[in-house]
Amino acid sequence: MDFPIFHLDFFGNRLLIAVIATIHVLINHSLAVGFLPVVTLIEYRGYKCRLIGLSELEKWDELAYKFLYFAFVVTTSVGALTGVGIWFSAALISPAAIGSLIRVFFFAWFVEWIVFMLEVIFIMIYFLTWKKSNENLQKKKNHIRAGLALSIFSWLTMAIIVGILGFMMNSGNWFESQSLINGFTNPMYLPQLAFRTPMAFVMGGAVAFSLTFFYLKNDVDFKSKVLKNLSFWMFIWTPHVLIAGLFYYFQIPELMKLNIPVAVATQQFQDWYDTLLYFLLAAVFVSMMFTVFAAFKPKRIPPFTAVLLVIITFLTLGMFERIREFVRKPYVIENYMYSNQIRVNEYEMLGKQGILLHSTYTEIPAVTQESILIAGKNVFDITCSRCHTNNGVNSVVRKFEVLFSPNKEPLDKERMKDYIPVMDKGRYYMPPFPGNREEIDALVEYICYIQFKNVYSPGAQVNGINVSPLHLNERKDN
Ligand code: HEC
């Protein structure tokens, strides 16, 4: 409404954010937050060997450097690109939501930027001064301190972002005093942070475990020693994943009760929710057994099981992320703004006066008989296009066909007109329709018009920006 509408009509907007964000969170947790402390500890291990005069020191140091090389390349390329990509894509797709979050988390946004820059600076220092740090003990000591600082700043970037993610799920008592502190102390913050931290440590351990097979193919004795150490690391953190995971898990139903007005629709959620618990228990069990076995019989661990462990940890985090997205709908910010970018408290007015009238970026400010299709397209763009496409992924046409015309007969306009005003009742993940009666009619006309036409309708990035004639006049008046 207040921003030009970016839209990917084949792929869908949701998928774009989901792909970028999933890649990012997996890389961030497994290779930054969880992995960098492991690298620093291994380097420290080498340093200790040097202190007591053990010849192993170089092996530890070399391995830690190889690990860091891998993390450095991946995190500063794909990791950084997807990290920036999340903000670019989210700001284009949901600008109003990002705007609201900046209002609440203004200082957090600013501090996050500084913390992120420091993280990048520390990884540069840590990586680029590694060779030099082997010149003497003092240099090595300082270098390890840089690794420690890097680990802390990686964790801090996550700790800030998680505040915002938690707020989007449950804004807590923010409405009462509307402060930054209130935003951060939302009920989902601690459970998420408590879960993500050990989860990342186990993921980092699992990645290091796999890489050890790759880097230390021939040195069997040293390899066993490293695997033992890494098993120990994962063994310590896995129970924390379980405890914090359960803590997080049991917070979710409270949230669902808040967000879901109707009980009929909870089935799909319930399935996910149950699966999540079993998955968590199974993953923790497998991880514990694996680490115990690997600690005692490192030589008997086949390399593919290490990769399997990485996959299990990635899936566990992925399940939690899926549930997080699931629980948040139909809101983008709980109780405050729906995923279609419209604020809850705007609904009453928009329902009476219409969304087109109040949109800055629309071709047409009201529905007229002559321009009903153009109006319908604009209503679709504003109210449905954050989640649906015309004929691509999660196509609105296909969704209506499944409901009302399974044999692809022309859609029944009357049934659609009855459905749209109550669409949020059966499918709680969809926001209520925000506009007025004429806008529903126009939307239905448009959807029926495109039912048998393969029209793709990309957003403002291709079609150009349309400013509502009402707003153009306003600009001239000023
Ligand atoms: C917040 C995202 C979101 C918005 C906004 C949204 N939808 Fe949906 N809609 C969904 C999802 C997700 C599904 C289910 C997809 C699936 O089948 O897995 C869905 C399903 C549907 C269905 C099929 C429902 C059923 O019972 O099977 C229809 C019809 C539909 N949407 C129409 C619309 C229309 C019309 C609009 C705009 C006025 C709209 N949606 C806006 C997310 C959204």
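Me: Where is Asn394 found in this model?

Reply: In this predicted model, Asn394 is found in the loop that runs between helix H15 (372–383) and H16.

Me: What makes the phi of Asn394 worth a remark?

Reply: The phi of Asn394 is positive, about 55 degrees, although the residue is not a glycine. Most residues other than glycine have a negative phi.

Me: Why is Asn394 called partly exposed?

Reply: Asn394 has 15 C-beta neighbours inside 10 Å. A buried residue needs 20 or more, and an exposed one has 12 or fewer. The count of 15 lies in between, so Asn394 is partly exposed.

Me: Thanks! And what about Asn335, where is that residue found?

Reply: Asn335 is in the loop between E1 and strand E2 (337–338). Asn335 also has a positive phi, of about 70 degrees, without being a glycine. With 14 C-beta neighbours inside 10 Å, Asn335 counts as partly exposed.

Me: Which peptide bond is cis, and how do you know?

Reply: The bond from Lys329 to Pro330 is cis, with omega near 10 degrees. Pro330 has its place in the loop between helix H13 (303–328) and strand E1 (331–333). Most peptide bonds are trans.

Me: Back to H15: how do you know whether its length fits that of a helix?

Reply: Let's compare the two values. At 1.5 Å a residue, the 12 residues of H15 should span 16 Å, and the end C-alpha atoms are 16 Å apart, so the two agree.

Me: What makes H15 largely enclosed by the rest of the structure?

Reply: Of the 12 residues of H15, 9 are buried, so the helix is largely enclosed. Among the buried residues are Val379, Phe380 and Ile382, along with Lys377 and Asp381. The buried residues of H15 pack against helix H19 (437–450).

Me: How does the span of helix H3 (residues 57–93) compare with expectation?

Reply: The 37 residues of H3 should span 54 Å at 1.5 Å a residue, while the end C-alpha atoms are 51 Å apart, which agrees. H3 does bend, by about 35 degrees at Thr75.

Me: Is Met158 buried or exposed, and how do you know?

Reply: Met158 is buried, because 22 other C-beta atoms lie within 10 Å and the cut-off is 20 or more. Met158 has its place in helix H7 (residues 137–169). Leaving aside neighbours within four places in sequence, Met158 is in contact with Asn28, Val33 and Arg196. The C-alpha atoms of Met158 and Val25 are separated by 9.6 Å, although the two residues are 133 residues apart along the chain.

Me: What is the shell around the ligand made of?

Reply: By class, the shell has 13 nonpolar, 6 polar and 4 charged residues. Of the 23 residues around the ligand, Ser339, Thr383, Cys384, Cys387 and Lys399 come nearest.

Me: Last one: how is the chain divided into domains, and how far apart do their centres lie?

Reply: Domain 1 covers 13–338 and domain 2 covers 347–477. The C-alpha centres of domain 1 and domain 2 lie 39 Å apart.

Methods. Residues are numbered from 1 along each chain as its sequence is written. This is a predicted model: local features need pLDDT of at least 70, side-chain atom pairs count only at pLDDT 80 or more; totals for chains, interfaces and linings use all residues. Helices (H or I, at least four residues) and strands (E, at least two) are DSSP runs, numbered from the N terminus. The expected span of a helix is 1.5 Å times one less than its number of residues. The bend at a residue is the angle between axes fitted to the seven residues ending there and the seven starting there. A residue is near a molecule or strand if its C-beta atom, placed from the backbone, lies within 6 Å of it. Ala, Val, Leu, Ile, Met, Phe, Trp, Tyr, Cys and Pro count as nonpolar, Asp, Glu, Lys and Arg as charged, and the others, Gly among them, as polar. Two residues are in contact if their C-beta atoms, placed from the backbone, lie within 7 Å. Domain bounds come from an automatic or database domain assignment.
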